[in-house]
Amino acid sequence: SLDVSTLTKQTGLTALDYGFVNTAATKSRITYIDGDQGILRYRGYPIDQLASNSTYLEVAWLLIHGELPTADELADFDERVRRHTLLHEDLKHFFSALPHTAHPMSVLSSALSALSTYYENGLDPKDPEHVEMTTIRLLAKLPVIAAYAHKKSQGQAFLYPDNNLSFVDNFLRLNFGNMAEDYEVNPVLSKALERLLILHEDHEQNASTSTVRLVGSTGANLYASISAGINALSGPLHGGANEAVLEMLGQIQESGEGVRRFVERVKNKEDGVKLMGFGHRVYKNYDPRARIVKESANAVLDSLGISDPLLDVAQELEQIALEDDYFKERRLYPNVDFYTGVIYKAMGFPTRMFTVLFAIGRLPGWIAHWREMSLDPQTKIGRPQQLYIGEGERQYPQR
Ligand code: ACO
């Protein structure tokens, strides 16, 4: 690989690389992907081993610190996150100012910016204690904000966190519990959600993580950087794809056009229609996360006794696409988002919460990358070049 910045200085040449397909913006020790072989490792550990054996917070520690925590380190980390779940009471008024129709991703990013205003003496990106405290606050409070965005959309009262519960169980209760009765966590749902969150925790220089790093490279604090990452994630070509997949499956089912006809429309690029949840910039093989999610989808639906026709539509779509030359030639396979929506729906989350769940999953990766970026002496403000193709100098007309 070339060090383009040195080459550019020496030769005066500029590389034009739409979508940064061939441009590395940084070195990183956090996540390894081999897109041809379908390999994903966090800090060297294969994703399937982490998804089977670990917890969300343990993997968060691993991503941020580079090693698995000892039992004491994990207990302390877990305890600190639990102690910071409460939101300032005044911040709850923020939710009242928004319509109940607000998209929860917009609520999430704006509430995070609002949250930073409560900690203005603790935002210095160069102060390790501030960064550590912000890391804990973000991990603790983002799920609470997310659950309140959900409750707000349903017109239901916000619950206070129950810090005797684990991270995931607390989140489930905040979303599905109510003031009138005790909430009993379903261990199958809890395990499945923990696993999905782990699968989403990092994915190296994807659009939202690159956004977090770019914003952070200006010296902006963690809240500002992660709020920007949430906005980048909201697009349907990125995290918003999980919501788009379920909408697509629903439309195929309701329209009665049939899966084969839909696939033909995709292949003919009619109205730019895509098979959402398929394809990936890096994976040119089956996304290793999609394999695990697919297993979980079957397990969760079986254990809840739900039979969702949308899962059948998804499986039929996958089967047809995997055997079709259009998808084979372009090496398009299901990505992590293809089956997640079916599981989230079975859990009871409304479609508009799906990308919010992705954001909670991705938060530790964003933090790990922001911290790596801010400690790297080679970090410079991110500032791409352009090739100007507009007008030459013109004279303003005399009128
Ligand atoms: N359905 C149909 N055709 C597709 C799809 C798809 N999902 N994805 C790519 N293609 C086609 C393109 O039209 C293009 O065809 P062409 O050679 O005839 O022009 C070819 O495959 C290459 O695609 P690109 O758009 O160049 O690939 P790129 O790497 O830029 O895009 C992306 C990757 C954005 C993920 C794309 O595959 C896509 O839009 N997928 C659907 C949305 C989605 O699921 N996003 C989630 C990504 S994973 C994540 O963020 C968690």
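**View 1. Contacts of D337 in the predicted model.** In this predicted model, D337 touches A241, N242, V245 and G277, leaving aside residues up to four places away in sequence. D337 is found in helix α17, which covers residues 337-347. The residue is buried, because 29 other C-beta atoms lie within 10 Å and 20 or more is the cut-off.

**View 2. H280 and its surroundings.** H280 sits in a loop, between α13 and α14 (288-304). Two residues touch H280 once those up to four places away in sequence are set aside: D287 and N335. H280 has 20 other C-beta atoms within 10 Å, so H280 is buried.

**View 3. The annotated pair, H280 and D337.** UniProt, in an unreviewed entry, lists H280 and D337 under "active site". The two are spread over 58 residues of sequence, yet they cluster in space. Their largest C-alpha distance is 10.6 Å.

**View 4. Helix α10 and its cover.** Helix α10 runs over residues 207-216 and is mostly covered. Of its 10 residues, 8 are buried. The buried residues are S208, T209, T211, V212, R213, L214, V215 and G216. They pack against two helices, α11 (222-233) and α18 (354-375).

**View 5. Where α10 meets α11.** The axes of α10 and α11 come within 8 Å. They cross at roughly 150°. The angle is over 145 degrees, so α10 and α11 are roughly antiparallel to each other. The crossing of α10 and α11 is right-handed. From α10, the contact includes A207, S208, T209, T211, V212, V215 and G216. From α11, A224, S225, I226, A228, G229, A232 and L233 meet them. By class, the contact of α10 with α11 has 8 nonpolar residues, 6 polar and no charged.

**View 6. Where α13 meets α15.** Helix α13 covers residues 259-267 and helix α15 covers residues 309-322. Their axes come within 10 Å and cross at roughly 55°. The crossing of α13 and α15 is right-handed. V259, R260 and V263 are the α13 residues in the contact. On α15, they meet V313, E316, L317, I320 and A321. The contact of α13 with α15 divides into 6 nonpolar residues, no polar and 2 charged.

**View 7. R43, a residue with positive phi.** Most residues other than glycine have a negative phi. R43 is not a glycine, and its phi is positive, near 50°. R43 lies in the loop between strands β2 (39-42) and β3 (45-46). With 19 other C-beta atoms within 10 Å, R43 is partly exposed.

**View 8. R331, also with positive phi.** The phi of R331 is near 55°, a positive value in a residue other than glycine. R331 is in the loop between α16 (325-329) and α17. Helix α17 holds D337. R331 has 13 other C-beta atoms within 10 Å, so R331 is partly exposed.

Conventions. Residues are numbered from 1 along each chain as its sequence is written. This is a predicted model: local features need pLDDT of at least 70, side-chain atom pairs count only at pLDDT 80 or more; totals for chains, interfaces and linings use all residues. Axes are lines fitted to C-alpha atoms, for helices over the stretch in contact, and angles run from 0 to 180 degrees between N-to-C directions. Helices (H or I, at least four residues) and strands (E, at least two) are DSSP runs, numbered from the N terminus. A crossing is left-handed if the near helix is turned anticlockwise from the far one by less than a right angle, and right-handed if clockwise. Two residues are in contact if their C-beta atoms, placed from the backbone, lie within 7 Å. Ala, Val, Leu, Ile, Met, Phe, Trp, Tyr, Cys and Pro count as nonpolar, Asp, Glu, Lys and Arg as charged, and the others, Gly among them, as polar. UniProt positions are given in the numbering used here, feature names are shortened, and annotations may be inferred rather than shown by experiment. A residue is buried if 20 or more other C-beta atoms lie within 10 Å of its own, exposed if 12 or fewer, and partly exposed in between; C-beta atoms are placed from the backbone. Angles under 35 degrees count as roughly parallel, over 145 as roughly antiparallel, 65 to 115 as roughly perpendicular and the rest as oblique.
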